[in-house]
Amino acid sequence: ISLGLVGSEMCIRDRCGVSSKSGKLQGGSFVVTLQKRSIPCRVAVEKSDSGTRMRWEFQSPPQAFASLEALGFEEADAANVRRALSLVNSLVVLSAPSREGLTTTFAQVVLSADRLLRDFVILEDESTPFREIQNVKPFRWGGTDNRTPVAVLEQVLVGYPTAIVVPNLNDGQLAIELVKQAGEMLVIVGVQADDAVAAVEKLLALGMPKQDLAKTLQVVTGQRLIRRVCPKCSEDYPPAAEILARLKVPAREGLTFKRAAAGGCPACSGTGYLGRAAIVELAGGPTTSKAIAAGVDRATFVKAAQRDGMRRFGASGLAMVVAGVTTLEELQRILKKEKGQPG
């Protein structure tokens, strides 16, 4: 957001420690107190031909979730993730496109693991550190001495950790070494990818040997964010029989869907929606592993993963509609982004 600074120089200088007289880009920070909550804020100030401008970034604390199910995971998928986390040695892969909630899901998955009985370490880029997670010791690459990710991993291994997490894996050499370590300990990685299948494709493109990946991979997830319908003003309605038939949803007495109320309410700021949930697809199992080892094409891999129980975004989202978490209209909006992907 850019704002003119008429009469605001004194506030900027006093509160943020910057001056609007300088022509250089400056940065400062302060804390806003709202309803007994402290919200950190960063401000950038710069002069331009049109005047002095400033940009505000309010850093709201991440939303806390009680469980994977609270994020949007179906019970069976959440159970599969927790089973993979309980193993002595396994590879757990979490993926999403940019700005689709990967950071929140990654943190919740790590919090779901037993960090008291195992020695957890996190490997991260010093320029973009992950948020602090209790009982997970950070090690960072980059910095003034330009440490490489593999060099940091070698440093970490001296301490004999029993679990390694990497929230944003994009280094080929690190990927190759991590899949080796997954044969000895728990490894959790996050990658940016459109879906679970694309996540596997990215790991292979980074150089992970397919045989090692097939042997160690327990679960790989993909996700999209979908708006939750407002629980205060949402309206129930019986879906038409032809809609149920087209969606392949069995008709039953009393079945209702929810829709957003026109104009919403104060709780949802008039939008009809309040908060977001993750639509998750999860792949993993013996057929999936065989497909990875065989190096099959994408279509064949999808069929293999579905034999192991994977449901695509459309099916998982429809379950949320039936459960009253979101609306059919919202699901249709999300699926328009999934060009060429069958539900």
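Bear in mind that the model is predicted. It holds 14 salt bridges.

Start with Arg-82 and Glu-69. These two form a salt bridge, and their closest N and O atoms are 2.6 Å apart. Arg-82 sits in helix α3, residues 75-86, while Glu-69 sits in helix α2, residues 68-71, so this pair ties together parts that are 13 residues apart in sequence. How accessible are the two partners? Arg-82 is partly exposed, with a relative accessible area of 33%. Glu-69 is also partly exposed, at 28%.

Next, Asp-236 and Lys-258. The salt bridge here has its closest N and O atoms 2.7 Å apart. Which elements does it join? Asp-236 belongs to strand β11, residues 235-237, and Lys-258 to strand β12, residues 257-259, so the pair ties together parts 22 residues apart in sequence. On accessibility, Asp-236 counts as partly exposed at 49%. Lys-258 is partly exposed too, with a relative accessible area of 23%.

Asp-145 has 47% relative accessibility and counts as partly exposed. For Arg-147 the figure is 26%, again partly exposed.

Last, the network. Which residues are linked in it? They are Asp-195, Glu-201, Glu-281, Arg-298 and Arg-312, linked by salt bridges.

If you have the structure open, the helix pair to find is Arg-82 in α3 with Glu-69 in α2, and the strand pair is Asp-236 in β11 with Lys-258 in β12.

Terms used
Residues numbered from 1 in each chain as written. Predicted model: local features only at pLDDT ≥ 70, side-chain atom pairs only at ≥ 80, totals over all residues. Heavy atoms only, no water. Salt bridge = Lys/Arg side-chain N within 4 Å of Asp/Glu carboxyl O. Helix = DSSP H or I, 4+ residues; strand = E, 2+ residues; numbered from the N terminus. Buried < 20%, exposed > 50% of the residue type's maximum accessible area, 1.4 Å probe, protein only.
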